[in-house]
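These are my notebook entries on one structure, kept in the order in which I looked things up. I began with charged pairs, then turned to pockets and the surface.

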Amino acid sequence: MKTNRLLSRIIIYCVGIAFIAIGVSLAIRSDLGISPNSAVPYAMTLVTGMDIFYTNTIFSLALIAMEFVILRKDAPWTTLLQIICVLLFSALLGISNNLFAFIVPANYFMQILLCLGGAVFIALGIYLYVVASLISMPAEGIVQAIDKKSRLNFSTIKVILDCTYVLIAAVVCLVFTGELKSVREGTIILAVSVGPIIKCFSLLFDRFFIRLGFKEKK
């Protein structure tokens, strides 16, 4: 029974990661900017021409390394398991980005629709990823690490890091391309819409996952 439950969690986790990758890819195709967590890897892709699989992997591994620097001897060995998550997400992101390469929005309205579609997929992916409750993604892991070693609360740290990612991506793009390709109005749309959409999915699916024993009733 426990084996079946673990297998179910792994499947839910992988589906969630896949949906996040699809959402990020749709945001990329909208050409209106990308979510804060993916802004730096996408800026690296725009500047270097490297596939986003590689840039996202490099950025995520850097975050994991920072977790060990921050936590030092307090860093749990399970932090290394985030590498599995990194490789899975980067691979799915690379695949979905190539899969949707044919999408070229005809006008600004279509760009907005693509961006909003990306927000829906990202929100659904995050919801399922949290329900699975397995390995933290590096973007969440670094927030948790700082939370343990500082007096700042989780949400404040998340906002500070998101703003930092956006600022770094904007500077990199401006310096090397002269354009704000990775940070635009779509970044704001994604930042403000994903949270409320997650709450909608929570209202829709919480009872189902509580019944299955994957979530506790509040």
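**Salt bridges**

I started with Lys149 and Asp74, whose side chains meet in a salt bridge at 2.7 Å from N to O, a salt bridge being a side-chain nitrogen of Lys or Arg within 4 Å of a carboxyl oxygen of Asp or Glu. Because Lys149 lies in helix α6 and Asp74 in the loop between α3 and α4, the pair ties together parts that are 75 residues apart in sequence. For the element names I used DSSP runs numbered from the N terminus, with helices (H or I) of at least four residues and strands (E) of at least two.

Before going on, I noted that this is a predicted model, in which local features need pLDDT of at least 70 and side-chain atom pairs count only at pLDDT 80 or more, while totals for chains, interfaces and linings use all residues. I also noted that residues are numbered from 1 along each chain as its sequence is written, and that side-chain values use heavy atoms, with hydrogens and water left out.

I then looked up how open the two partners are: Lys149 is partly exposed at 46% relative accessibility, and Asp74 is partly exposed at 44%. Here buried means under 20% relative accessible area, exposed means over 50%, and partly exposed is in between, with a 1.4 Å probe and protein chains only.

How many salt bridges does the rule give? The count comes to four. One of them joins Lys181 and Asp31, with the closest N and O atoms 3.3 Å apart. This pair links distant parts of the chain, as Lys181 sits in the loop between α7 and α8 and Asp31 in the loop between α1 and α2, 150 residues apart. Lys181 is partly exposed at 25%, and Asp31 is partly exposed at 26%.

I also found Glu185 in a salt bridge with Arg184, at 3.2 Å between the closest N and O atoms. Glu185 has 26% relative accessibility and counts as partly exposed, as does Arg184 at 32%.

**Pockets**

For pockets I worked on a 1 Å grid over the protein atoms alone, where a pocket is an open set of points with protein on both sides within 12 Å along at least five of seven lines, and lining residues have an atom within 4 Å of a point. The largest pocket has a volume of about 840 Å³, a volume being the space filled by probe spheres set on the points, which are joined across faces, edges and corners.

I recorded 31 lining residues for the largest pocket, with Asn37, Ile126, Ala139, Lys158 and Asp162 nearest its centre. Among the elements that give two or more residues to this lining are α1 (2–30), α5 (108–132) and α8 (185–212). By class, the lining holds 21 nonpolar, seven polar and three charged residues.

The second largest pocket contains about 150 Å³ of space, and its lining includes Glu67, Pro76, Gln82 and Lys148. Helix α6 gives the most to this lining, with four residues.

**Surface**

Which residues make the nonpolar surface patch of about 490 Å²? I listed Val47, Leu167, Val171, Val175 and Phe176. Helix α7 (residues 154–176) gives the most to the patch, with four residues. Val171 lies in helix α7, and its 44% relative accessibility makes it partly exposed.

Conventions. Patches are made of residues with over 30% relative accessible area and no salt bridge: like charges are joined within 9 Å, nonpolar side chains (Val, Leu, Ile, Met, Phe, Trp, Tyr) within 5 Å. Accessible areas come from the Shrake-Rupley method with a 1.4 Å probe; for residues, only the protein chains shown count as cover. On a 1 Å grid over the protein atoms alone, a cavity is a set of points where a 1.4 Å probe fits but cannot get out, and a pocket is an open set with protein on both sides within 12 Å along at least five of seven lines; lining residues have an atom within 4 Å of a point. Ala, Val, Leu, Ile, Met, Phe, Trp, Tyr, Cys and Pro count as nonpolar, Asp, Glu, Lys and Arg as charged, and the others, Gly among them, as polar.
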